[in-house]
Amino acid sequence: MKTERKIILSSHFLKFIMAILFVTGISLVVIYFHSLNSPEKYTSLIISKNNGLIFDSSIKEIPKNYDEWKNTKQLIHFNLLENFTKVRFLLSKFTNVVGYFFIIFLFHKFLKNALTLQFFFESNIKILNKILYILLGLFLLKLLPFNLYTMVFFKNGLPHYVSKSHMDLNFLFYYPLYIIFIYLLKIVFKRGQELKTENDLTI
Amino acid sequence: MAIIVNLDVMLAKRKMRSKELAEIIGITTANLSILKSGKAKAIRFSTLEAICKALDCQPSDILEYQED
């Protein structure tokens with residue numbers, strides 16, 4: 001009974017995270033299209049050193065030219081980004097959010113299966129396999145150079161492109177760890193299923 | 001399969017029905033069917049003992065080894 005309650009609680013928590021991820025995904029799409037129509041509302045939107053999208057209330061206005069930008073903190077302002085960079089950045093974030101959403105969704109399904117307190121069956125192994133493929137996909141996407149930001153400044157009507165990059169190599173450590181962990185879990189569940197079948201067929 | 005289960009033959013010899021045997025030895029008819037069809041991976045000594053007792057036979061009367 002206690003275990004069941006814990007599983008139900010965890011399931012609700014996962015649903016909550018799924019809701020947050022859903023809202024985040026929608027927000028990313030809204031930010032892109034809304035920023036095209038009303039860029040003045042996104043003056044405080046910057047890309048942080050961790051490649052995160054944050055609203056910095058201390059920013060009142062965007063540098064108008066390269067010299068002005070050079071004399072400030074040299075932040076990556078969302079409005080200064082070239083359109084292709086914007087799309088690339090938001091798309092990478094959106095892909096991550098969708099990936100995490102599906103991983104959480106599959107974990108939620110896994111927990112639902114666990115309510116019967118029977119873990120070792122084909123469905124759970126398939127779920128772990130799917131999580132493994134999503135993680136592998138996200139890892140491969142992270143390897144692509146998405147964190148190269150190109151900003152456009154205008155001088156005498158001519159565009160002046162400035163590229164800046166934030167290197168974040170933490171994923172090279174974490175993602176393989178997650179992948180190995182899920183892979184090990186899959187092997188354990190596969191062996192568990194084999195043993196269960198053997199046990200079921202022992203008369 | 002190398003091990004053949006001759007439970008059908010013994011049941012016919014003793015003129016006993018599967019359901020009856022299942023009730024005597026205390027297993028479900030589904031499990032007895034698994035045993036009869038040769039799908040079983042293993043058999044417990046306790047089950048074998050109960051079958052031998054119910055059918056008044058030896059384990060060799062029920063289980064037989066045949067080379068593939």
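Start by selecting Arg191(A) and Glu194(A): both sit in helix H5 (residues 171-200) of chain A, 3 residues apart, about one turn of the helix. Helices here are DSSP runs of H or I with at least four residues, strands are E runs of at least two, and both are numbered from the N terminus. You are looking at a predicted model, in which local features need pLDDT of at least 70 and side-chain atom pairs count only at pLDDT 80 or more, while totals for chains, interfaces and linings use all residues. Residues are numbered from 1 along each chain as its sequence is written, chains are lettered from A and ligands numbered from 1 in the order in which they are written, and side-chain values use heavy atoms, with hydrogens and water left out.

**Stop 1**

Show the side chains of Arg191(A) and Glu194(A), which meet in a salt bridge at 2.9 Å, N to O. The term salt bridge means a side-chain nitrogen of Lys or Arg within 4 Å of a carboxyl oxygen of Asp or Glu. Arg191(A) is partly exposed at 45% relative accessibility, and Glu194(A) is partly exposed at 42%. In these terms, buried is under 20% relative accessible area, exposed is over 50%, and partly exposed is in between (1.4 Å probe, protein chains only).

Now select Lys196(A) and Asp200(A), whose side chains form a salt bridge at 3.1 Å, N to O. About one helical turn separates them, because they are 4 residues apart in helix H5 of chain A. Asp200(A) is partly exposed at 40%, and so is Lys196(A), at 29%.

**Stop 2: over to chain B**

How many salt bridges are there over all chains? The count comes to 3. Pick Asp8(B) and Lys36(B) to see a salt bridge of 3.7 Å, N to O. Asp8(B) belongs to helix H1 (residues 7-14) of chain B and Lys36(B) to helix H3 (residues 29-37) of chain B, so this pair ties together parts that are 28 residues apart in sequence. Asp8(B) is partly exposed, with a relative accessible area of 45%, and Lys36(B) is partly exposed at 26%.

**Stop 3: a patch of positive charge**

Back in chain A, select Lys15(A), Lys109(A), Lys112(A), Lys126(A) and Lys130(A), which gather in a patch of positive charge on the surface. Helix H3 (83-114) and helix H4 (122-143) of chain A are the elements that give two or more residues to this patch. Patch residues have over 30% relative accessible area and no salt bridge; like charges are joined within 9 Å, and nonpolar side chains (Val, Leu, Ile, Met, Phe, Trp, Tyr) within 5 Å. Lys15(A) lies in helix H1 (residues 2-37) of chain A and is partly exposed, at 43%.

**Stop 4: two pairs to compare**

Next, find Ser123(A) in helix H4 of chain A; this residue is partly exposed at 30%. Ser123(A) and Phe110(A) are 13 residues apart in sequence and 8.4 Å apart in space, C-alpha to C-alpha.

Then go to Tyr32(A) in helix H1 of chain A. Is Tyr32(A) buried or exposed? Tyr32(A) counts as buried, at 16% relative accessibility. Its C-alpha atom is separated by 29 Å from that of Phe13(A), 19 residues away along the chain.

**Last stop: colour by confidence**

The mean for chain A is 87, and 99% of its residues reach 70 or more.

Technical notes:
Areas by Shrake-Rupley, 256 points an atom, 1.4 Å probe, with all protein chains shown as cover. Lys, Arg positive; Asp, Glu negative; His and termini not counted. Charge placed at Lys NZ, Arg CZ, Asp CG, Glu CD. pLDDT = per-residue confidence, 0-100.
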